[in-house]
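Open the model in your viewer and keep the selection tool at hand. The tour moves from whole chains to single residues.

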Amino acid sequence: MPPQGRIEVRDNYCKGCEICVAACPQGVLALAPERLNIKGYHPVELIEQGCTGCGICAIVCPEAAIIVYREVKSRSQ
Amino acid sequence: MENVTMEEQLVYDRPESMASVQTHYCPGCTHGVAHRLVAEVIDEMGIKDNMIGVASVGCSVFAYNYFDFDFVQAPHGRAPAMATGVKRVLPHRFVMTYQGDGDLASIGMGEIVAAAARGENITVIFLNNANYGMTGGQMAPTTLPGQKTSSSPSGRDIEVAGFPIRTAEMLATLDGAGYVVRRSLHDPKNIRMAKKSVRLAFETQKHGLGFSLVELLSTCPTNWGLTPIQALKWVEDAMIPYYPIGDYKVNPALKELKI
(Lines give C-alpha, C1' and ligand atoms only; values in the text may rest on other atoms or scores of the structure.)
Protein backbone atom coordinates (compact mmCIF):
# COMPACT_ATOMS: atom_id res chain seq x y z
CA MET A 1 0.00 0.00 0.00
CA PRO A 2 1.40 3.44 -0.84
CA PRO A 3 2.13 5.75 2.07
CA GLN A 4 -0.74 7.95 3.21
CA GLY A 5 -0.41 11.67 3.57
CA ARG A 6 -2.34 14.87 3.60
CA ILE A 7 -1.73 18.56 3.13
CA GLU A 8 -3.04 21.65 4.81
CA VAL A 9 -3.13 24.91 2.89
CA ARG A 10 -2.77 28.28 4.59
CA ASP A 11 -5.50 29.81 2.45
CA ASN A 12 -4.49 33.43 2.88
CA TYR A 13 -1.02 32.87 1.39
CA CYS A 14 -2.25 30.91 -1.65
CA LYS A 15 -2.55 32.88 -4.90
CA GLY A 16 -4.09 30.13 -7.01
CA CYS A 17 -1.15 29.94 -9.44
CA GLU A 18 -1.78 26.20 -9.96
CA ILE A 19 1.93 25.28 -10.10
CA CYS A 20 1.30 22.66 -7.39
CA VAL A 21 -1.77 21.36 -9.26
CA ALA A 22 0.40 20.70 -12.31
CA ALA A 23 3.29 19.28 -10.27
CA CYS A 24 1.31 16.85 -8.05
CA PRO A 25 2.30 13.31 -9.12
CA GLN A 26 -1.02 11.89 -7.88
CA GLY A 27 -3.19 14.60 -9.44
CA VAL A 28 -5.19 15.12 -6.26
CA LEU A 29 -4.97 18.92 -6.03
CA ALA A 30 -7.30 21.52 -7.53
CA LEU A 31 -8.43 25.06 -6.83
CA ALA A 32 -11.49 25.30 -4.59
CA PRO A 33 -14.27 26.35 -6.99
CA GLU A 34 -16.57 27.97 -4.43
CA ARG A 35 -14.16 29.54 -1.94
CA LEU A 36 -12.16 32.76 -2.06
CA ASN A 37 -9.37 33.90 0.25
CA ILE A 38 -8.76 37.36 1.64
CA LYS A 39 -7.03 38.48 -1.59
CA GLY A 40 -9.78 37.11 -3.84
CA TYR A 41 -7.99 34.02 -5.10
CA HIS A 42 -9.43 30.50 -5.15
CA PRO A 43 -7.08 28.60 -2.81
CA VAL A 44 -5.83 25.13 -3.64
CA GLU A 45 -7.22 22.07 -1.79
CA LEU A 46 -7.06 18.26 -1.76
CA ILE A 47 -9.90 17.00 -3.94
CA GLU A 48 -9.63 13.26 -3.43
CA GLN A 49 -7.88 10.43 -1.61
CA GLY A 50 -4.43 9.41 -2.78
CA CYS A 51 -2.04 12.01 -1.32
CA THR A 52 1.19 10.24 -0.40
CA GLY A 53 2.74 13.15 1.47
CA CYS A 54 5.64 13.34 -1.00
CA GLY A 55 5.96 17.10 -0.51
CA ILE A 56 6.44 18.06 -4.17
CA CYS A 57 3.60 20.62 -3.92
CA ALA A 58 5.45 22.30 -1.04
CA ILE A 59 8.74 22.30 -2.98
CA VAL A 60 7.26 24.14 -5.96
CA CYS A 61 4.94 26.47 -3.97
CA PRO A 62 6.16 30.08 -4.33
CA GLU A 63 4.20 31.21 -1.27
CA ALA A 64 5.22 28.52 1.26
CA ALA A 65 1.49 28.03 1.81
CA ILE A 66 1.43 24.24 2.05
CA ILE A 67 2.02 22.10 5.15
CA VAL A 68 2.64 18.42 4.37
CA TYR A 69 2.05 15.44 6.69
CA ARG A 70 2.82 11.78 6.09
CA GLU A 71 1.83 8.69 8.06
CA VAL A 72 4.73 6.56 9.29
CA LYS A 73 4.75 3.31 11.22
CA SER A 74 5.52 3.66 14.89
CA ARG A 75 6.29 0.55 16.90
CA SER A 76 5.33 0.44 20.56
CA GLN A 77 5.64 -2.40 23.06
CA MET B 1 4.10 -8.01 22.00
CA GLU B 2 4.81 -5.38 19.39
CA ASN B 3 2.02 -3.13 18.15
CA VAL B 4 2.39 -1.30 14.86
CA THR B 5 0.37 1.88 14.73
CA MET B 6 0.36 4.65 12.18
CA GLU B 7 1.54 8.03 13.32
CA GLU B 8 1.42 11.31 11.45
CA GLN B 9 4.74 13.05 10.85
CA LEU B 10 5.32 16.59 9.66
CA VAL B 11 7.11 16.56 6.28
CA TYR B 12 7.17 20.25 5.45
CA ASP B 13 6.14 23.53 7.04
CA ARG B 14 6.81 27.18 6.31
CA PRO B 15 10.38 28.12 7.37
CA GLU B 16 10.74 30.24 10.52
CA SER B 17 12.97 32.80 8.79
CA MET B 18 10.07 33.83 6.57
CA ALA B 19 7.85 36.51 8.08
CA SER B 20 4.13 35.73 8.46
CA VAL B 21 2.99 38.09 5.71
CA GLN B 22 1.64 37.73 2.20
CA THR B 23 4.08 38.68 -0.54
CA HIS B 24 3.32 41.26 -3.24
CA TYR B 25 4.65 38.99 -5.98
CA CYS B 26 2.34 38.04 -8.83
CA PRO B 27 0.79 34.54 -8.69
CA GLY B 28 3.31 31.94 -9.82
CA CYS B 29 6.38 34.22 -9.60
CA THR B 30 9.38 32.15 -8.54
CA HIS B 31 10.77 34.98 -6.42
CA GLY B 32 8.76 33.28 -3.67
CA VAL B 33 10.54 29.98 -4.25
CA ALA B 34 13.92 31.73 -3.97
CA HIS B 35 12.79 33.39 -0.71
CA ARG B 36 11.71 30.05 0.64
CA LEU B 37 14.99 28.31 -0.23
CA VAL B 38 17.05 31.05 1.42
CA ALA B 39 14.84 30.92 4.54
CA GLU B 40 15.06 27.11 4.71
CA VAL B 41 18.86 27.18 4.45
CA ILE B 42 19.11 29.88 7.15
CA ASP B 43 16.88 27.79 9.43
CA GLU B 44 18.95 24.65 8.80
CA MET B 45 22.23 26.44 9.54
CA GLY B 46 20.72 28.15 12.59
CA ILE B 47 22.09 31.57 11.59
CA LYS B 48 18.86 33.56 11.63
CA ASP B 49 19.93 35.75 14.55
CA ASN B 50 23.30 36.32 12.92
CA MET B 51 22.04 37.37 9.48
CA ILE B 52 22.06 40.76 7.84
CA GLY B 53 20.36 41.04 4.48
CA VAL B 54 20.84 43.82 1.95
CA ALA B 55 17.80 44.50 -0.23
CA SER B 56 18.18 45.95 -3.70
CA VAL B 57 15.80 47.90 -5.94
CA GLY B 58 13.16 46.18 -8.05
CA CYS B 59 10.62 43.51 -7.09
CA SER B 60 13.30 42.13 -4.78
CA VAL B 61 13.26 45.30 -2.64
CA PHE B 62 10.46 44.00 -0.42
CA ALA B 63 12.67 41.11 0.71
CA TYR B 64 13.14 43.18 3.89
CA ASN B 65 9.45 42.64 4.70
CA TYR B 66 9.42 38.94 3.90
CA PHE B 67 12.47 37.72 5.81
CA ASP B 68 12.37 37.70 9.59
CA PHE B 69 15.91 38.98 10.27
CA ASP B 70 17.91 42.21 10.10
CA PHE B 71 17.87 44.04 6.79
CA VAL B 72 19.18 47.21 5.23
CA GLN B 73 18.24 48.64 1.86
CA ALA B 74 20.75 49.88 -0.70
CA PRO B 75 20.45 52.40 -3.55
CA HIS B 76 19.83 50.92 -7.00
CA GLY B 77 22.61 48.46 -7.85
CA ARG B 78 24.71 49.31 -4.80
CA ALA B 79 23.83 46.32 -2.63
CA PRO B 80 27.28 44.66 -2.99
CA ALA B 81 28.98 47.90 -1.90
CA MET B 82 26.71 48.21 1.14
CA ALA B 83 27.19 44.51 1.94
CA THR B 84 30.97 45.05 1.74
CA GLY B 85 30.73 47.79 4.37
CA VAL B 86 28.45 45.76 6.64
CA LYS B 87 30.66 42.67 6.41
CA ARG B 88 33.89 44.58 7.06
CA VAL B 89 32.43 46.29 10.14
CA LEU B 90 30.73 43.13 11.43
CA PRO B 91 32.88 40.27 10.11
CA HIS B 92 31.17 37.63 12.26
CA ARG B 93 27.70 38.25 10.86
CA PHE B 94 26.43 36.52 7.73
CA VAL B 95 25.75 39.10 5.02
CA MET B 96 23.54 38.39 2.04
CA THR B 97 22.34 40.54 -0.84
CA TYR B 98 19.19 39.65 -2.74
CA GLN B 99 19.16 41.22 -6.20
CA GLY B 100 17.34 40.95 -9.51
CA ASP B 101 18.86 41.20 -12.96
CA GLY B 102 17.72 44.78 -13.53
CA ASP B 103 19.62 45.74 -10.39
CA LEU B 104 22.68 43.49 -10.45
CA ALA B 105 23.31 43.06 -14.17
CA SER B 106 22.67 46.59 -15.43
CA ILE B 107 23.02 49.58 -13.09
CA GLY B 108 24.88 47.51 -10.50
CA MET B 109 27.23 45.64 -12.84
CA GLY B 110 30.23 47.71 -11.78
CA GLU B 111 29.53 47.11 -8.09
CA ILE B 112 29.14 43.34 -8.42
CA VAL B 113 32.28 42.95 -10.54
CA ALA B 114 34.31 45.03 -8.09
CA ALA B 115 32.95 43.16 -5.07
CA ALA B 116 33.76 39.79 -6.67
CA ALA B 117 37.21 40.99 -7.74
CA ARG B 118 37.97 42.09 -4.17
CA GLY B 119 36.83 38.68 -2.97
CA GLU B 120 34.44 40.15 -0.44
CA ASN B 121 33.17 37.44 1.87
CA ILE B 122 29.48 37.99 1.09
CA THR B 123 26.72 35.88 -0.45
CA VAL B 124 24.70 37.16 -3.41
CA ILE B 125 21.38 35.64 -4.44
CA PHE B 126 20.81 36.78 -8.03
CA LEU B 127 17.38 36.34 -9.63
CA ASN B 128 17.47 36.40 -13.43
CA ASN B 129 14.04 36.75 -15.05
CA ALA B 130 15.19 38.37 -18.32
CA ASN B 131 13.40 41.71 -17.83
CA TYR B 132 12.71 44.58 -15.44
CA GLY B 133 9.77 43.06 -13.56
CA MET B 134 8.65 45.82 -11.22
CA THR B 135 8.50 48.66 -13.76
CA GLY B 136 6.52 46.79 -16.39
CA GLY B 137 8.75 44.30 -18.15
CA GLN B 138 11.22 46.50 -20.03
CA MET B 139 14.28 45.07 -21.77
CA ALA B 140 17.16 44.28 -19.40
CA PRO B 141 20.78 43.28 -20.14
CA THR B 142 19.64 39.68 -19.63
CA THR B 143 16.75 39.82 -22.14
CA LEU B 144 17.20 37.09 -24.75
CA PRO B 145 17.80 37.91 -28.46
CA GLY B 146 14.41 38.32 -30.14
CA GLN B 147 12.51 38.41 -26.82
CA LYS B 148 9.56 40.81 -26.89
CA THR B 149 9.34 43.20 -23.96
CA SER B 150 7.48 46.46 -23.44
CA SER B 151 10.55 48.44 -24.61
CA SER B 152 11.49 46.01 -27.42
CA PRO B 153 8.04 45.32 -28.93
CA SER B 154 9.44 43.66 -32.04
CA GLY B 155 11.96 41.59 -30.09
CA ARG B 156 15.47 42.40 -28.83
CA ASP B 157 17.55 43.42 -31.83
CA ILE B 158 21.16 42.43 -31.14
CA GLU B 159 22.36 44.88 -33.81
CA VAL B 160 21.03 47.73 -31.69
CA ALA B 161 20.88 46.44 -28.11
CA GLY B 162 23.78 44.00 -28.14
CA PHE B 163 23.91 40.54 -26.63
CA PRO B 164 22.61 39.35 -23.26
CA ILE B 165 25.19 39.10 -20.48
CA ARG B 166 25.94 35.77 -18.85
CA THR B 167 26.70 37.07 -15.38
CA ALA B 168 27.73 33.84 -13.64
CA GLU B 169 30.28 32.90 -16.31
CA MET B 170 31.74 36.40 -16.28
CA LEU B 171 32.11 36.62 -12.48
CA ALA B 172 33.61 33.13 -12.36
CA THR B 173 36.66 34.45 -14.23
CA LEU B 174 37.56 36.65 -11.25
CA ASP B 175 40.06 35.29 -8.74
CA GLY B 176 38.17 36.67 -5.73
CA ALA B 177 35.14 34.48 -6.41
CA GLY B 178 34.86 31.33 -4.29
CA TYR B 179 31.55 29.92 -5.44
CA VAL B 180 29.65 30.97 -8.58
CA VAL B 181 26.89 28.77 -10.01
CA ARG B 182 23.70 29.02 -12.03
CA ARG B 183 20.54 27.13 -11.11
CA SER B 184 16.93 27.21 -12.25
CA LEU B 185 13.62 27.23 -10.35
CA HIS B 186 11.41 25.66 -13.00
CA ASP B 187 10.84 22.14 -11.63
CA PRO B 188 11.17 20.20 -8.33
CA LYS B 189 14.53 18.64 -9.22
CA ASN B 190 16.09 21.99 -10.12
CA ILE B 191 14.59 23.63 -7.03
CA ARG B 192 16.28 20.97 -4.87
CA MET B 193 19.59 21.58 -6.67
CA ALA B 194 19.14 25.32 -6.15
CA LYS B 195 18.61 24.82 -2.42
CA LYS B 196 21.85 22.86 -2.15
CA SER B 197 23.69 25.66 -3.97
CA VAL B 198 22.25 28.32 -1.66
CA ARG B 199 23.53 26.22 1.25
CA LEU B 200 26.99 25.94 -0.31
CA ALA B 201 27.04 29.69 -0.94
CA PHE B 202 26.45 30.35 2.77
CA GLU B 203 29.04 27.68 3.67
CA THR B 204 31.52 29.56 1.44
CA GLN B 205 30.92 32.64 3.53
CA LYS B 206 31.06 30.69 6.81
CA HIS B 207 34.48 29.27 5.92
CA GLY B 208 35.81 32.57 4.56
CA LEU B 209 36.40 31.26 1.04
CA GLY B 210 35.52 34.51 -0.71
CA PHE B 211 32.71 35.88 -2.81
CA SER B 212 29.72 33.58 -3.45
CA LEU B 213 26.91 34.05 -5.95
CA VAL B 214 23.96 31.84 -6.93
CA GLU B 215 22.22 32.90 -10.14
CA LEU B 216 18.64 31.60 -10.19
CA LEU B 217 16.65 31.52 -13.43
CA SER B 218 13.23 32.79 -12.48
CA THR B 219 9.85 33.44 -14.09
CA CYS B 220 7.95 36.67 -14.64
CA PRO B 221 4.53 35.39 -15.81
CA THR B 222 2.80 38.79 -15.82
CA ASN B 223 5.36 40.63 -17.94
CA TRP B 224 6.06 37.68 -20.21
CA GLY B 225 2.31 37.43 -20.86
CA LEU B 226 2.21 33.74 -19.96
CA THR B 227 0.42 31.63 -17.35
CA PRO B 228 2.62 30.50 -14.43
CA ILE B 229 2.91 27.01 -15.92
CA GLN B 230 3.72 28.27 -19.44
CA ALA B 231 6.33 30.56 -17.86
CA LEU B 232 8.08 27.60 -16.19
CA LYS B 233 8.12 25.87 -19.58
CA TRP B 234 9.58 29.00 -21.19
CA VAL B 235 12.44 29.00 -18.67
CA GLU B 236 13.19 25.41 -19.63
CA ASP B 237 12.84 25.86 -23.40
CA ALA B 238 14.21 29.36 -24.02
CA MET B 239 16.30 30.51 -21.06
CA ILE B 240 18.28 27.39 -20.15
CA PRO B 241 19.75 26.98 -23.68
CA TYR B 242 21.16 30.52 -23.42
CA TYR B 243 21.91 30.45 -19.68
CA PRO B 244 23.10 26.87 -19.03
CA ILE B 245 22.80 25.48 -15.52
CA GLY B 246 26.20 24.71 -14.10
CA ASP B 247 28.98 25.23 -11.57
CA TYR B 248 31.26 27.94 -12.96
CA LYS B 249 33.57 28.28 -10.01
CA VAL B 250 33.72 26.08 -6.92
CA ASN B 251 36.51 26.46 -4.39
CA PRO B 252 38.11 22.98 -3.94
CA ALA B 253 37.65 23.26 -0.15
CA LEU B 254 33.86 23.18 -0.66
CA LYS B 255 33.97 19.75 -2.25
CA GLU B 256 35.33 18.27 0.97
CA LEU B 257 32.58 19.76 3.15
CA LYS B 258 30.10 17.29 4.58
CA ILE B 259 26.69 18.86 4.95
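Each stop below says what to select and what is there.

**Before you start**

This is a predicted model: local features need pLDDT of at least 70, side-chain atom pairs count only at pLDDT 80 or more, and totals for chains, interfaces and linings use all residues. Residues are numbered from 1 along each chain as its sequence is written, while chains are lettered from A and ligands numbered from 1 in the order in which they are written.

**Stop 1: chain A**

Select chain A. It has 2 helices and 4 strands. Helices (H or I, at least four residues) and strands (E, at least two) are DSSP runs, numbered from the N terminus. Along the sequence, the pattern of chain A reads β-α-β-β-α-β. Its C-alpha atoms fill a box of roughly 50 × 20 × 20 Å, taken along the principal axes.

Colour chain A by burial. Of its 77 residues, 35% are buried. A residue is buried if 20 or more other C-beta atoms lie within 10 Å of its own, exposed if 12 or fewer, and partly exposed in between, with C-beta atoms placed from the backbone.

Now zoom in on A:Glu18. This residue sits in the loop between β1 (5-9) and α1 of chain A. Most residues other than glycine have a negative phi. A:Glu18 counts as partly exposed because it has 18 C-beta neighbours inside 10 Å.

**Stop 2: where the chains meet**

Show both chains. In contact across the interface are 30 residues of chain A and 30 residues of chain B. Two residues are in contact if their C-beta atoms, placed from the backbone, lie within 7 Å. On the chain A side, the elements giving two or more residues are α1 (19-23), α2 (56-60) and β4 (66-76). The largest share, 10 residues, comes from β4(A). By type, this side of chain A divides into 15 nonpolar, 7 polar and 8 charged residues. Here Ala, Val, Leu, Ile, Met, Phe, Trp, Tyr, Cys and Pro count as nonpolar, Asp, Glu, Lys and Arg as charged, and the others, Gly among them, as polar.

**Stop 3: chain B as a whole**

Select chain B. It contains 11 helices and 8 strands. The radius of gyration is 18 Å, close to the 18 Å that the globule rule gives for 259 residues, so chain B is as compact as a globular protein of that length. That radius is taken over C-alpha atoms, and the globule rule is 2.2 Å times the number of residues to the power 0.38. Buried residues make up 52% of the 259 in chain B. Among contacts in chain B between residues at least 6 apart in sequence, 68% join residues at least 24 apart.

**Stop 4: strand β4 of chain B**

Select residues 94-100 of chain B. How many residues of this strand are buried? The count is 7 of the 7, so β4(B) is largely enclosed by the rest of the structure. B:Phe94, B:Met96, B:Tyr98 and B:Gly100 point one way, and B:Val95, B:Thr97 and B:Gln99 the other way.

Strands pair if DSSP finds at least two bridges between them. Centre on B:Tyr98: its bridge partners include B:Ala55 and B:Ile125.

**Stop 5: helix α3 of chain B**

Select residues 79-89 of chain B. Of these 11 residues, 8 are buried, so α3(B) is largely enclosed by the rest of the structure. Its buried residues pack against β2, β3 (70-73), β4, α5 (109-118) and β5 of chain B.

**Stop 6: B:Ala130**

Go to the loop between β5 and α6 (158-161) of chain B, where B:Ala130 is found. Its phi is near 65 degrees, a positive value in a residue other than glycine. B:Ala130 counts as buried because it has 29 C-beta neighbours inside 10 Å.

**Stop 7: helix α10 of chain B**

Finish with residues 228-242 of chain B, helix α10. A kink of about 35 degrees is centred on B:Val235. The bend at a residue is the angle between axes fitted to the seven residues ending there and the seven starting there. Buried residues in α10(B) include B:Trp234 and B:Val235. What covers the buried residues of α10(B) includes α1 of chain A, along with β6 (177-184), β7 (211-217) and α9 (221-224) of chain B.

Definitions and conventions:
The expected span of a helix is 1.5 Å times one less than its number of residues.
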